[in-house]
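Trainee: Before I plan anything around this protein, could we go through the chain as a whole and then one of its pockets?

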Amino acid sequence: MARRPIARDQIVKLIVAAGQASPSPPVGPALGSKGVKSIDFCKEFNARTAHMTPGVPIPARVTVRPDRSFHFELRTPTTSHLLLQAAGVKERKNRLRGGGSAGKESVGEVTLKHVYDIAKVKHSELRLSGLSLEGLCKSVIAQARSCGLTVVP
């Protein structure tokens, strides 16, 4: 007889707009395949993100236990969203979008003060708190370039 594998926690990573979670894709199929009721997640997610600006993309890491219960942790908004918002880029097709070809096409400019402020926001996150602020600033600058933004002093 074959041994039955030990049931383990499953992790699902989602990026959902603050206060706008609904059981439709991508939330419903991602959690439904793990046996979790997506409505329960949506209600709790919307309640936890009610104080945030609606529409800001928030990464959530959902841990699904073998008994189909779940818990999730929220992270800081995505770096690209914070950068595009600081640069004042206008929405295209109801989303903030960077340049089509990074390095060649510039969509906007961010200053080093913006970069430092974004790095401080990211540094407050538990998993990034061990990194130096200088290293986070370099990472934010690299992300800005890949979004099609120019960093000016």
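The conversation below concerns a predicted model.

Trainee: What percentage of the residues in the protein chain is buried?

Mentor: The C-alpha trace spans about 65 × 35 × 30 Å along its principal axes, and the accessible surface comes to about 9,900 Å², with 53% of that belonging to carbon and sulfur atoms. Counting as buried those residues with under 20% relative accessible area, the share among the 153 residues of the chain is 35%.

Trainee: Among contacts between residues at least 6 apart in sequence, what share joins residues at least 24 apart?

Mentor: A contact here requires heavy atoms within 4.5 Å. Among such pairs at least 6 apart in sequence, the share that joins residues at least 24 apart is 61%.

Trainee: Which helix gives the largest share of the lining of the second largest pocket?

Mentor: The second largest pocket holds about 170 Å³ of space, and of the 13 residues that line this pocket, the closest to its centre are Thr79, Lys122, Arg127, Leu128 and Ser139. By class, the lining has four nonpolar, five polar and four charged residues. The largest share, four residues, comes from residues 133-147, which form helix α5.

Terms used: Residues numbered from 1 in each chain as written. Predicted model: local features only at pLDDT ≥ 70, side-chain atom pairs only at ≥ 80, totals over all residues. Heavy atoms only, no water. 1 Å grid on protein atoms, 1.4 Å probe; cavity = no way out; pocket = protein on both sides within 12 Å on 5 of 7 lines; lining within 4 Å. Points joined across faces, edges and corners; volume = space filled by probe spheres on them. Helix = DSSP H or I, 4+ residues; strand = E, 2+ residues; numbered from the N terminus. Nonpolar A, V, L, I, M, F, W, Y, C, P; charged D, E, K, R; others polar. Buried < 20%, exposed > 50% of the residue type's maximum accessible area, 1.4 Å probe, protein only. Areas by Shrake-Rupley, 256 points an atom, 1.4 Å probe, with all protein chains shown as cover.
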